[in-house]
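Hello,

Please find the structure below. My notes on it come after.

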Amino acid sequence: MATRPAPAPGLPAAQAPATGLRPPGAVRPPELPSVHDAFLCVALPALAVSSEHGQLTGHGLEGVYASGRRLLSRCVLRVAGREPLALSGRQDAADRAVFLSVVRTAGDSGPDPGLTVERSRSAAGTERITLRSFAARPLRLPVEISLGTDLADLGAVAAGRAGAEIVASVHGTGMRWTAADGRCASVSADPPPTDALAAAGLLRWEVDLAPGSARTIELRVRGDRPHGLPGPTGPGTGRPGGVGLAEVRAEGDDPRVGELLRVAVDDLRALLQRDPDHPADVHLAAGVPWRCGPVTAEALWAARMALPLGTRLAVTTLRALARTQLDGPGPAGGRIPGPLRDAGPFLPPRCTGIEATLAFPTVLAEARRWGLPEQDLAELLPVAERCLGWLRTAADPHGFVPDPGPAGPWRAETQAHAHRAAVLGADLLDACGRSGGDGWRDWARTLRERFRDEFWIDDRSGGRPAAALAPGGRPWTQLGGWAAHLLDTGLLGGGRYAPGLLDSSATDQLARLLGTPALDSGWGLRSLGTKEPGHNPFGHRAGAVRVHETVVAVAGLAAEGYEKEAASLLKGTLDAAEAFGYRLPEMYAGSVRTAGAVPVPHPAACRPAAVAAAGAVHLMTALVGIRPDAPGGTVALHPVRSAPLGAVRLSDIRVAGEPFSARVSRLGLGMVEEAADGLQLGV
């Protein structure tokens, strides 16, 4: 094994080997409020967070938000002087939740309530409260809604620093609040209340209900900014449009596939957000409620997995990242900047900018296979070339890419991203008549050879890949879900997958390892195996199930023919999705699955999350085995032959810009049902 340079004196802590221990004197990060059992209504930049009873009490993250500011924190309903008895809450759509409760009135002689209350709350700041009477006689009921807000930023709310409620004033048909910085929020009611008390933030009505009749009160929340400050003026203002995610559908012997895909596409639409300086471009927020900032590497991975819904999202995401690419000469030229992210208990933080830089040529090349318009390809190709130029500069004399900096470490996952970028980048250069394709294929071939020599650890059980190499060449041997990226090789023409970093024997061994109980939890792939030091079922890089890695493993295993291992992870993920109401979080605990158990939520996980929602699309595409080559005029079907979910039909995805539908029989035989004119079935 080649010797690597030791870290230079004064190396930043972020680049030194991690110990998993907090340095002396370090500030303990605040605990995030738990949202795993909350109803999150999302239509970014709007968000509504509700507890299962539907009342907004101001506790935790509860409230209606716009662009990261809480416009309404308290909305407590009382009917006839009491709070309704909550019975159920459900997520009706990505942007809407419905809560049902009942009220026993004075005329109810038995245990049966005579009045139901349905509250339909949307992310856009509208709430409809419908009272329906089943009483035998007319009712006249006092209805009160207590309102309040602190106009706090989401970050302050999460850190427990929201501050006191602001004093309200009566405004129009409702209430208005004004913060010290001039920002305002208001609530209007229809019909107008009969009474309004500003000091208590209270709206009152006298509601008359005949037997069998219903009355509805509608509240509308609006946010206003002082003159000169940019931004939306209401929760639903500025919703992204025009990205054109296809209305894809799935159906089959297992009815859960249809619900999983429906919810996933709904969540992807809800997570779309505009680039504020370039409103024509949208990208996916990484996840709600914690990660709704600028475009990230995760947004790019999600756009890649969502290519079956159309190429437009990939184009606008690539364009947003391209605007951040560093120009000029020097070692940073061509790199896309990005923050450092924690990499678990053993490795220092990784650079998401490096990840995005290496993903850029891959996503552009695969978008072309799915039918990317030529004008978009011509616009983005120079950016991909600069990414490849950075890769050549960043690679060390051994051909490996350090991450996050020149002093290492050298991560196996990063080498997989670099190899994929080189191979698919070469394909892209050839297709566009640019030079350099052969040189990149030679570079990738050399990387494969050196990876086998330096990263593969031989042992009596057949060996394993090292997670990373430290300065000096010492390997980190911990095996986890990161290894799935070694199977993600990328799509070439004619329905072929690119060669990967591993040879056939190493691929066979890795497939076996991914299928062991140490890594396959029964709910998905653990980010760190149970037999590894430092395993923690709640560690997001130390044992939790990360949906993105699981989905990548399923697709990679299926493509290589390891259907037993792929099917086990696929079924586990589908079972977990059912338990989470088909809205998969970005991660959940890697606990051992036992009879009658359900997956355990992770308290800090985003839900919905871009890679989890897009991962559902990727799972269905891998199951049916759709491999398009729009420039070559072909599409190949390579379904999972064992048909682990029985017959499956996937319809209205987009190949070459046109609807495409295919099905797989219970015998694992694929058939194209609809395709663009001139598109031929490949092999």
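Predicted model: local features only at pLDDT ≥ 70, side-chain atom pairs only at ≥ 80, totals over all residues.

Residues are numbered from 1 along each chain as its sequence is written, and side-chain values use heavy atoms, with hydrogens and water left out.

Aromatic pairs: the whole structure has five. Rings of Phe, Tyr and Trp (its six-membered ring) pair if their centres lie within 6.5 Å; planes under 30 degrees apart are stacked, over 60 edge-to-face, the rest tilted. Phe-39 and Phe-99 form an edge-to-face pair, because their centres are 5.4 Å apart and their planes at 85 degrees. Phe-451 and Phe-455 are stacked, with centres 4.6 Å apart and planes at 5 degrees. Ring pairs also join Phe-400 to Phe-451 and Phe-455 in a cluster. Phe-451 is buried at 1% relative accessibility, and Phe-455 at 0%; buried means under 20% relative accessible area, exposed over 50%, partly exposed in between (1.4 Å probe, protein chains only).

Charges over rings (NZ of Lys or CZ of Arg within 6 Å of the ring centre and within 35 degrees of the ring normal): the charged end of Arg-474 is over Trp-476, 5.2 Å from the ring centre. That of Arg-593 is over Trp-523, at 3.9 Å.

Sheet: strands (DSSP runs of E, at least two residues, numbered from the N terminus) pair if DSSP finds at least two bridges between them. Three strands make an open, mixed sheet in the order β30-β31-β35.

Regards

How values were computed:
Helix = DSSP H or I, 4+ residues; strand = E, 2+ residues; numbered from the N terminus.
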